[in-house]
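Please consult the sequence and the structure shown below while reading.

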Amino acid sequence: MGTLAERRIGPPLLKAEQISLAFGGVRALSDVSLEIREHEILAIIGPNGAGKTSMLNVINGFYHPQRGTITFKGETRRRMRPHQAAETGIARTFQNVALFRGMTTLDNVMTGRLLRMRRNFLWQALHWGPALKEELEHRSFVERIIDFLEIQAIRKVPVGQLPYGLQKRVELGRALAMEPTLLLLDEPMAGMNVEEKEDMSRFILDVNDEFGTTIALIEHDMSVVMDLSDRVVVLDYGRKIADGPPDSVRRNQDVIDAYLGVSHD
Amino acid sequence: MEFLDAVFVTPFASMWDNPEFLLEVLIGGLLTGVMYSLVALGFVLIYKASGVFNFAQGTMVLFAALTFVGMLEKGMPVWAAFLVAATVMTAMAFAIEWVVLRPLVNQEQIILFMATIGLTFFLDGFGQLVWGGDVHPLDIGIPKDPLIIGGVLVNEFDLVAAAVCGSLVAALAVFFQKTAVGRALRAVADDHQAALSVGIPLKTIWVIVWAVAGVVGLVAGILWGSNLGVQFSIALVALKALPVLILGGFTSVPGAIVGGLIVGAGEKVAEVFWGPATGGAIEDWFAYGLALVFLLFRPQGLFGERIIERV
C-alpha cells in the first residue's frame with residue numbers, strides 16, 4: 001500500500017495524551033500518548049495484559065482515566081459516557097463478541113441506526129406516520145451493509161445460533177450501521193480460521209477504502225497486522241514501547257524483547 | 001389407608017366422573033392465572049432491562065390502584081382516572097431512576113434489591129399517608145354475571161380480565177418486537193456494554209421500563225381491585241408472582257405468562273380435588289411448593305436462560 005496509504009492519511013483525528021489508568025493498585029496504563037490519524041488503519045499490539053483493551057475502553061468512554069486527556073475531532077474531554085462517544089462518531093466491536101443474542105442479525109444491525117433516528121422515542125413507540133417512513137429508510141441502509149458484508153443468508157437468524165466467525169461479522173455490521181468516523185475493533189479475528197481471517201481482512205480494508213473510516217484495531221496475528229495496518233503502536237505493561245510503520249516496529253529490539261521475553265539477570 | 005385413598009384415588013375418580021366440572025375449575029384457575037401473569041410481567045420487564053429484582057412491584061401495583069381509586073372517588077371519569085394514575089406511575093419511574101438507580105449504578109444486584117425493599121416500605125407508608133388505610137371498593141362497570149358456555153360455567157368478569165391481559169401482552173409484544181424503542185429495550189436486556197457502544201442511553205431506557213412496568217401494574221391493580229377491593233393485601237397477593245417467575249424464568253416474557261397460567265390452574269385444581277384430603281388451604285401454598293420443586297430441579301425455570309458459569 002506504501003505511498004498510496006500515505007497520501008490518503010490526514011491529520012490526527014484523535015489524540016490521547018498521557019493517559020494513566022489504574023484499578024486499585026494495578027496500573028493498566030501509564031502515561032500513554034498516541035494519535036489516530038484520519039483515514040488510517042492503526043494496529044495496537046502487545047502481549048496479554050499490556051493494556052490494549054483498556055486503551056480502547058478509555059477511548060470510547062467505558063473507563064475514565066485518572067490522568068490524561070482525549071481529544072477527538074478537536075474537542076478535548078475528561079469524562080465521557082459511552083453513549084456520548086457513540087454520538088460523536090466512535091463505534092466499536094468487542095473481544096468476546098457482544099451482540100444482542102436473542103435478536104436476529106437484521107435487528108442487531110438495526111440497533112446501530114438508533115442514534116441516526118431523528119424522530120423522538122414517543123413517535124417510534126407509536127410506530128406510525130413519519131416514524132414508520134424513517135424506519136423504512138434505515139432499513140434500506142442496513143440492507144446495504146448486510147449486502148456489503150455478505151450476510152444476506154442469515155438476516156433472520158437469531159445471532160446466538162450463529163458460528164463465532166459470523167457473529168464477529170454481524171458485530172462489525174452493527175458498528176458500520178452507526179456510520180462512524182472512528183471504528184475500534186478489539187481482536188476482530190480472534191478464534192477465526194484462515195479463510196474467515198482473510199474475509200475479515202478484506203472487509204476491514206474495504207471499509208477503510210470505500211467509506212474512508214478511520215480504524216484502530218487490536219490484533220494478535222502478526223501477519224494480519226503487517227498486511228493491514230498503516231501504523232503500529234506497541235504496548236507492554238501499560239506503557240507504549242514503539243510507534244511507527246509495521247516494518248520498523250517489527251525490527252524494534254524492545255518489541256522483540258517484549259514478545260519473546262528477556263532475561264533480567 | 002383412608003388418606004392414601006383421598007390423595008391417589010378419589011380426586012382422579014371425581015375428575016373422571018364429572019369432566020365438565022374439571023374443565024370449569026381449570027378455566028377458573030387459568031383466568032386467575034392471567035392476573036398472576038400480569039403482575040409477574042412487571043417484574044420481568046424491569047429485571048430484563050436493568051437486572052434489578054424489583055421487590056416493590058407488588059406495592060407499585062397497590063399504589064397505582066390506590067391512585068386510580070382515589071381519582072374515581074374525587075368524581076373523575078374512568079378514562080381520566082386511568083390517565084392520571086398512569087402519569088403518576090411515569091413520574092414515579094423518573095423519580096426512582098433519579099433517586100435510587102442512578103446513585104447505585106454499577107453496584108451489586110443485592111444492593112439494588114435491598115434498595116427496592118426500601119422502596120416497598122416507602123411506597124407502603126406514602127400510600128397510606130395519602131389515601132388512608134381503608135379498603136376502597138372499586139367498580140368500573142365490568143360485568144360480573146356467571147355465564148354458561150357450552151355447558152361450562154364461567155365468570156364474565158374473568159373473561160374480561162383475560163381479554164384485557166391478552167391485549168396488553170399483545171401490545172407489549174408489538175412494542176418490543178417492532179419498534180425502535182423496543183429494539184433498544186431488548187438490546188439493553190441482552191448486553192449492557194454493547195448497548196452503550198451503539199449509543200443507547202441506559203438511563204432513558206430504565207425510565208421507560210419502570211414506567212411501562214408501572215402502567216402494567218396499574219392494569220393489574222385495577223383488575224385485582226375490582227375483584228377484592230383496593231386494599232393493602234393486594235401487595236401480598238402480588239407476592240404470588242414470585243413462584244410464577246421461578247416457574248417461568250426471570251428473563252422471559254412468555255415465561256411469565258405461562259408460569260402464571262400454570263400456577264393459577266394448578267392451585268385451583270389442587271384446592272378443589274385434593275383439598276378434602278389435607279383439610280383445604282392448598283391454594284395458599286401450592287405455588288410455593290411448586291416453585292421449590294423447580295428450584296431443586298430446574299432453577300432457570302421453564303423459559304429462562306440456562307445459567308452457565310465459568311469456573
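## Helix packing in chain B

The axes of helix α7 (residues 156-178) and helix α10 (residues 202-228) of chain B come within 11 Å and cross at roughly 175°. Axes here are lines fitted to C-alpha atoms, for helices over the stretch in contact, and angles run from 0 to 180 degrees between N-to-C directions. Helices (H or I, at least four residues) and strands (E, at least two) are DSSP runs, numbered from the N terminus. α7(B) and α10(B) are therefore roughly antiparallel to each other; angles over 145 degrees count as roughly antiparallel, those under 35 as roughly parallel, 65 to 115 as roughly perpendicular and the rest as oblique. On the α7(B) side, B:A161, B:V164 and B:L168 meet B:V216, B:V219 and B:L223 of α10(B), where contact requires C-beta atoms, placed from the backbone, to lie within 7 Å. The residues of this contact of α7(B) with α10(B) are six nonpolar, no polar and no charged. In this classification Ala, Val, Leu, Ile, Met, Phe, Trp, Tyr, Cys and Pro count as nonpolar, Asp, Glu, Lys and Arg as charged, and the others, Gly among them, as polar.

A second pair in chain B consists of helix α4 (residues 57-73) and helix α6 (residues 109-131), whose axes come within 9 Å and cross at roughly 15°. That angle makes α4(B) roughly parallel to α6(B). The crossing of α4(B) and α6(B) is left-handed, a term used if the near helix is turned anticlockwise from the far one by less than a right angle, with right-handed used if clockwise. From α4(B) the contact takes B:T59, B:M60, B:L62, B:F63, B:L66 and B:G70, and from α6(B) it takes B:T120, B:L123, B:D124, B:G127 and B:W131. By class, the contact of α4(B) with α6(B) has six nonpolar, four polar and one charged residues.

## Basis of the model

The model is predicted: local features need pLDDT of at least 70, side-chain atom pairs count only at pLDDT 80 or more, and totals for chains, interfaces and linings use all residues. Residues are numbered from 1 along each chain as its sequence is written, while chains are lettered from A and ligands numbered from 1 in the order in which they are written.

## The four-stranded sheet of chain A

Chain A has an open sheet of four strands, in the order β2-β1-β4-β5 and with antiparallel pairing. Two strands pair if DSSP finds at least two bridges between them. β2 (26-37) and β5 (75-77) of chain A are the edge strands, each pairing on one side only. From one strand to the next, the twist averages 20°.

β1(A) and β2(A) run antiparallel and are joined by eight bridges, with A:P12 opposite A:R37 in β2(A). These two strands form a hairpin with two residues between them, and A:G24 in the turn has a positive phi of about 60°. Strand β4 (residues 67-72) of chain A pairs with β5(A) in the antiparallel sense over three bridges, and A:F72 stands opposite A:E75 in β5(A). Helix α2 (residues 52-59) of chain A packs on this sheet, touching β1 (12-23), β2 and β4 of chain A, and its direction makes about 115° with that of β1(A).

## The six-stranded sheet of chain A

Another open sheet of chain A has six strands in the order β6-β7-β8-β3-β9-β10, with mixed pairing. β6 (90-92) and β10 (239-244) of chain A each have a single partner strand, so one side of each is left without a neighbour in the sheet. Strand β3 (residues 41-45) and strand β8 (residues 214-218) of chain A run parallel and are joined by four bridges; A:A43 stands opposite A:L217 in β8(A).

α2(A) packs on this sheet too, touching β3, β6, β7 (182-186), β8 and β9 (231-236) of chain A, and its direction makes about 150° with that of β7(A). Helix α11 (residues 253-260) of chain A touches β9 and β10 of chain A, at about 130° to the direction of β10(A).

## Domains and chain interface

The domain assignment, which is automatic or taken from a database, gives chain A domain 1 (1-89 + 180-265) and domain 2 (103-179). The contact takes eleven residues from domain 1 of chain A and ten residues from domain 2 of chain A.

Between the chains, 27 residues of chain A are in contact with 19 residues of chain B. α3(A) gives the largest share of the side of chain A that touches chain B, four residues.

Definitions and conventions. Two residues are in contact if their C-beta atoms, placed from the backbone, lie within 7 Å.
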